[in-house]
Each structure stands twice: as structure tokens, then as C-alpha cells.
Amino acid sequence: MDYTFQFSEVFAELPYLLGGAVVTLEIAFISFWGGAVIGLGGALAKVYGGPALKKTASTYVTALTNTPALVQIFLLYYALPDAGILLGSMTAVLIGLVLNAGAYLTEIIRAGIVSVRPSEMDAGVTLGMSRLQLVRYVMLPHTAKTIYAPLSNFFVWLVLGSSLAALFGVEELTGRAINVSTANLRSIETFAVVAVIYVVLTVMASASLALAGRLMFRVRAKVF
Amino acid sequence: MPHLEIVSLSSRYGSEEVLKEVSLAADQGEVLSVIGPSGSGKSTLLRVLIGLTPPSGGEVFIAGERVDYSSRRSLKGLRGKMSIVFQEYNLFQNMTVMRNVTVAPIKIKKRPREQVERQAEALLAKVGMAHKQDAYPEELSGGQQQRVAIARALATNPEILLFDEVTAALDPERVNEVLETIRGLTNEGITMIIVSHEMAFVREVSTRVAMMDEGRLVECGPPAQIFDAPRQSRTREFVSSILRH
Ligand SMILES: Nc1ncnc2c1ncn2[C@@H]1O[C@H](COP(=O)(O)OP(=O)(O)O)[C@@H](O)[C@H]1O
Ligand SMILES: [Mg+2]
């Protein structure tokens, strides 16, 4: 039997789907920056912390990088109400993704910090730099440059990974795609269009990040 | 009064003492070279002098003034007078050649940018790197990076300049360009301590040569003494083993 593709019903819902894409980007942004704050703390704890801090940070990283993000969010969503904390689905997803991102970003940022060449620090010290100046002129630029590419990749991963929010009824891009396809019964067309939107999102994200990296850190990343 | 006076200086890594009561002195403008086998404590001596590695005993005086290595203020003063060039080219990789040379005078010594950049241009010209002022370190050869590092060390107007085997990591054909650069600085009144394995160079530029072994000073004297008539058998052994190569 021949199947005739019909995109018109999907295109009619394009504004609704693009609205979902905005929610997707919001989730990715919040998870990324929330995770970055945790990741910075975690990385500093792992590199400069005492034994207790080091242990805490690595337990956190091990626990969260060895279980699926989806399972972590399910736990938050179903276990916390039992403890008397009732989370909305969006809140549960955001908290879960922030915690998950924090674990990965701890490792990425840590790798950046330890990549600072001790000899450059020595040079800074002997030129008379204060601690703050060492951080500003030697450590930060070096760390930023090193972690730039992995951070960009991770952001793209978050854009795609945020689709698991749909399972909790959050109406981001994938959630809205499910709504549209249930209504118009044009699943193939709907998800094909949504796939294209994801590609556009990630390509835009990679390209703008690569461009920013090139301007700010002289990272020789390809824009495409 | 010697310009730089080192009295019974010691230092340890953990429980291992790697610098053992070394005493040395250098007058203003003197070129004091330090030779000795690998692991004898030459780098440690320089690192202690500039405050990168803490001393475990002894004293250092600059123009008669004692350096207090546990005081931040004293260290700051020290680093205004003393600069070092390391073995590995440790330029700031994220900065251009010009910025490498100017960052300390502008940001730390708070001197006016215009004036610092004019001086930096002159220094880069002096080390033959004026044409590369907008390049990044990764775009330069080892010898070129080392010459920029020398310009960077000079930009803080040091009275005392330390060199730690600055040619040891270079390709053989690059060694001379760096030695030439150092040679050009020896008559400017800067007191220099040069750690080097380039014996012909050491012999030519040094006013005195110090021989170290196992953390101790073995002997110190004019190049003619160290190379032609060493008083210690350890010096004779070391010098002849190096010259044979
Ligand atoms: N960071 C360090 N930690 C522990 N031991 C060190 C360190 N740096 C140097 N040493 C030891 O100190 C001794 C002297 O080293 P060094 O001063 O580098 O000698 P040289 O420069 O004459 O080759 C060596 O035995 C070396 O192994
Ligand atoms: Mg050494």
C-alpha cells in the first residue's frame, strides 16, 4: 500500500512546534548554566579541596555519571513527593538535568584546570603576579580554551537530551511533537519536521559557540 | 659589598635535602655561571633565589638587604629586582609576543602602556624578534620563544637576571642565536647567574664559575681555574667528561 506524505497539517502547527523549540533551548540553557556553577564548585573541590571535599565531589560525579539522566529525574519526580516535596514536572526535569550536567561539567572543568602548565604559573609568579592576577591572566584563559570544545559539545548534548522532558509531560519540542502527531495522526511527517528543527537548533548552537570560541579564545574550531 | 650574596642556603623537597648550605656572591654586573651534573641542585638554587621554592635555611642579600622569603611584600620587592628565564619556553600561550613582554610592566608595575610598549619594541629588536611581535608563542620556534622570554625578563628592568639552562631544550642549530642574545647583555651592568652546559660559552662570558654536585658547592673561581686548573678532583672529572663530548 502506498503512503502519501502530507506535510501541510504539520506545517500548520509550525508556530506551535517552534514555540516548543524555544522551551527546549530554555531547558538546555538553564541546565547548562546551573550545571556550570555546580561544575565549577565541583572542579575546584576536586583540584584544591581537602580530602573530605575531594571525596564528596568524586562520589557525586561517580553517582551521577554512572546512572541515566532519565532515571535520576524519575527518582526526583516519584521519590521526593514521598518525602513531602512535591515537584512540578518542569521543576523535576530542570533539577535533574542541572544535577546531571553539574557532574559532567565538574569533570570537564577539572580537566581544564589541571591542563594549566605549571611552568606558565611559575613564569607569572616570578614576574610578580598576585594570586588574583595569576587566575586572571594565566589560569582562566588557559582553562577556558581547553574546556571550550567539550563544553560546546555538552551544550549540544543538552539540547538533544532535554527531549526526555517530554516523558514527564513538559511541552518542549518533543512533547509538542507528540501532541501534534496524536492529533493529526501524521507521526512520520511530524517527527521528520521535528528532526529537522533539532538539526537546525544544534547546528546554530554549534556554529555560534564555535564562532564565539574563535573570537574569545582563538580556538581553531570549525564553524561547520 | 656584593650585589647578590647567598649565605649557607639550603632547601629540601620533603625530607630530601637538595641544596646544602651553598654560599656564593656576585658583584654588580658580574656573570656568575653555575655548572654541575644533572640533579646537582642548580635549578633548585635558582628557584629558591627567586622565591619559587622555599629555602629551609640560609640567607640571601641583595645590595646588603636581606630577602625575607616568607613575606609577600619582600617577595614582591625581590621580583621587581630579579627575573628568570627557564629551560622550557614558558611564555604565556594565550598572549601575543608583545603582550607576553608587556603584561607584567603594565599590569603589575602599573607603568604607562605607551612607554612600556616602546620599551618592549626596543627589547624585541634587541633579541631579534621585533618582526614577530603579533605572533603567538605556538607559531614560533623554540629559539625564538626563548629570545622572547629573555625580552620579557628584561622588561621588568631587573638588576639580577637568572638563566636556567635556557638552551638545553633547543635544537642544536638554535642554540647559538640564544647564546648570542645573552652575550649581548653581559656588558649592561646586569648581574647574571647562568646555569648552562655550554662550556665554551660559559668560559667565554663568565667572570666566575661555580661547580655544584649533590646539592653542594664544590668550588668557585675564574673560568681559567675551573677549566684549566680545577682545585677539586670532582670539578676536573665533570669538566673533562663534558668537554670530551
Ligand atoms: N619538585 C621536586 N620534587 C621533588 N624533588 C625534586 C623536585 N625538583 C627537583 N627535585 C630533586 O632535587 C634534586 C636537584 O634537582 P635540580 O635542582 O633540578 O637539579 P639540576 O637543575 O642541577 O639538574 C634532584 O635530585 C631532583 O630529583
Ligand atoms: Mg635543572
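Colleague: At what angle do helix H3 (residues 97–108) of chain B and helix H4 (residues 113–126) of chain B pack?

Modeller: This is a predicted model, in which local features need pLDDT of at least 70 and side-chain atom pairs count only at pLDDT 80 or more, while totals for chains, interfaces and linings use all residues. Residues are numbered from 1 along each chain as its sequence is written, and chains are lettered from A and ligands numbered from 1 in the order in which they are written. Helices (H or I, at least four residues) and strands (E, at least two) are DSSP runs numbered from the N terminus, and axes are lines fitted to C-alpha atoms, for helices over the stretch in contact, with angles from 0 to 180 degrees between N-to-C directions. The axes of H3(B) and H4(B) are 9 Å apart, and the angle is about 130 degrees.

Colleague: Which orientation class does the pair H3(B) and H4(B) fall into?

Modeller: Angles under 35 degrees count as roughly parallel, over 145 as roughly antiparallel, 65 to 115 as roughly perpendicular and the rest as oblique. At about 130 degrees, H3(B) and H4(B) are therefore oblique.

Colleague: Which residues of H4(B) does H3(B) meet?

Modeller: Contact requires C-beta atoms, placed from the backbone, within 7 Å. From H3(B) come B:Val97, B:Met98, B:Val101, B:Thr102, B:Pro105 and B:Ile106. Their partners in H4(B) are B:Arg113, B:Val116, B:Glu117, B:Ala120, B:Leu123 and B:Leu124.

Colleague: Which elements of chain A give two or more residues to the side that touches chain B?

Modeller: Between the chains, 16 residues of chain A are in contact with 18 residues of chain B. On the side of chain A, the elements giving two or more residues are helix H6 (118–126) and helix H7 (131–161).

Colleague: Which element gives the most to the shell around ligand 1?

Modeller: The residues surrounding ligand 1 include B:Tyr13, B:Val18, B:Lys42, B:Ser43 and B:Thr44. The top contribution is three residues, and it comes from chain B, helix H1 (residues 42–49).

Colleague: Is B:Ser8 buried or exposed?

Modeller: B:Ser8 lies in strand E1 (residues 4–13) of chain B and has a positive phi of about 50 degrees although it is not a glycine. A residue is buried if 20 or more other C-beta atoms, placed from the backbone, lie within 10 Å of its own, exposed if 12 or fewer, and partly exposed in between. Because B:Ser8 has 12 C-beta neighbours inside 10 Å, it counts as exposed.

Colleague: Is B:Glu165 buried or exposed?

Modeller: B:Glu165 sits in the loop between strand E7 (160–164) and helix H6 (172–183) of chain B, with a positive phi near 40 degrees. Because B:Glu165 has 21 C-beta neighbours inside 10 Å, it counts as buried.

Technical notes. Near = placed C-beta within 6 Å. Contact = placed C-beta atoms within 7 Å.
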